[in-house]
Amino acid sequence: MKTIEKALSRLTTAYICVSQFDYDLGVQSGVITSAHPARVIHNGVTALTGANKATSSEVFVLSMAARFDTPKRQDILIQALTYLPENLPIVCHFLGDGPSIEACKTLTHQLNLDGKVNFYGVVDNVQKYYSQSDVGVLISDYEALPISLVEALAQGLPIIASNVGGIQELIDHNGFLVTNDARQIAEKILTLYQSKKITEVKTNSYQMYQRHYTEHEMLEQTQAYYLRCLA
């Protein structure tokens with residue numbers, strides 16, 4: 001990828017990076033220079049308004065929206081469920097499809113988790129499912145700044161996500177960064193399930209969305225940067 005970016009640099013006026021992580025990577029690799037500057041403009045979304053999950057619901061819902069393919073690691077999240085007490089009313093919803101979905105379904109069955117895991121396939125509106133969830137999860141080997149987690153913020157969800165790429169920019173007293181270790185992920189799930197400050201954590205997520213990740217903010221910054229580059 002670095003080679004391609006450098007080859008195309010002569011045709012490039014400036015870059016837009018979706019995370020500070022990507023910006024720093026561009027500087028370190030020599031792609032972003034004084035002759036080819038860049039600006040960080042985070043991904044933004046419009047929050048879906050409507051019914052939220054009933055607070056009286058006894059089921060604690062985890063949702064991971066991602067394609068079943070490299071670099072996503074739905075398999076590790078499935079394994080994490082085996083480290084939770086069996087009597088906890090926790091279920092995991094997977095949104096998406098892809099080449100590794102059948103292997104994940106097989107793993108779910110082998111671990112006797114059929115009653116704890118739901119595979120919804122491709123869905124038409126991720127935020128609609130997030131609005132009926134308690135936690136947004138993304139376990140992955142590498143990322144830039146995933147739009148699925150921005151959508152989770154827009155629904156005020158606490159986040160549990162792999163500490164890779166720009167994901168750390170989405171976490172500030174609103175969830176947990178984890179290594180791709182099933183036991184550690186289970187520990188953080190349990191922490192949120194038992195938390196007496198879950199409402200505060202949800203508020204932190206939504207406030208972060210409002211400050212940095214609205215579609216309006218993204219479009220406004222992008223237009224201003226285009227005009228600056230054209231000046």
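## A charge over a ring

In this predicted model, Lys 188 lies over the face of Phe 176, at 4.8 Å from the ring centre. A charge sits over a ring if NZ of Lys or CZ of Arg is within 6 Å of the ring centre and within 35 degrees of the ring normal.

## Basis of the values

Residues are numbered from 1 along each chain as its sequence is written, and side-chain values use heavy atoms, with hydrogens and water left out. Because the model is predicted, local features need pLDDT of at least 70 and side-chain atom pairs count only at pLDDT 80 or more, while totals for chains, interfaces and linings use all residues.

## Aromatic pairs

The whole structure holds six aromatic pairs. Rings of Phe, Tyr and Trp (its six-membered ring) pair if their centres lie within 6.5 Å; planes under 30 degrees apart count as stacked, over 60 as edge-to-face and the rest as tilted. One of the pairs is Phe 94 with Phe 119, which is stacked at 5.5 Å centre to centre with 20° between the planes. Phe 94 belongs to strand β4 (residues 90–95) and Phe 119 to strand β5 (residues 117–119), so this pair ties together parts that are 25 residues apart in sequence. Helices (H or I, at least four residues) and strands (E, at least two) are DSSP runs, numbered from the N terminus. Phe 94 is buried, with a relative accessible area of 0%, whereas Phe 119 is partly exposed at 23%. Buried means under 20% relative accessible area, exposed over 50%, and partly exposed in between (1.4 Å probe, protein chains only). Ring pairs also link Phe 68 with Phe 94 and Phe 119 into a cluster.

Tyr 206 and Tyr 209 form a tilted pair, 5.7 Å centre to centre and 40° between the planes. Both are in helix α8 (residues 198–212); being three residues apart, they are separated by about one helical turn. Tyr 206 is partly exposed, with a relative accessible area of 33%, and Tyr 209 is buried at 6%.

Two strands pair if DSSP finds at least two bridges between them. Strand β3 (residues 60–65) pairs with β6 in the parallel sense over two bridges, and strand β7 (residues 159–162) runs parallel to β6, joined by three bridges. Gly 136 is the bridge partner of Ser 63 and stands opposite Ile 159 in β7.
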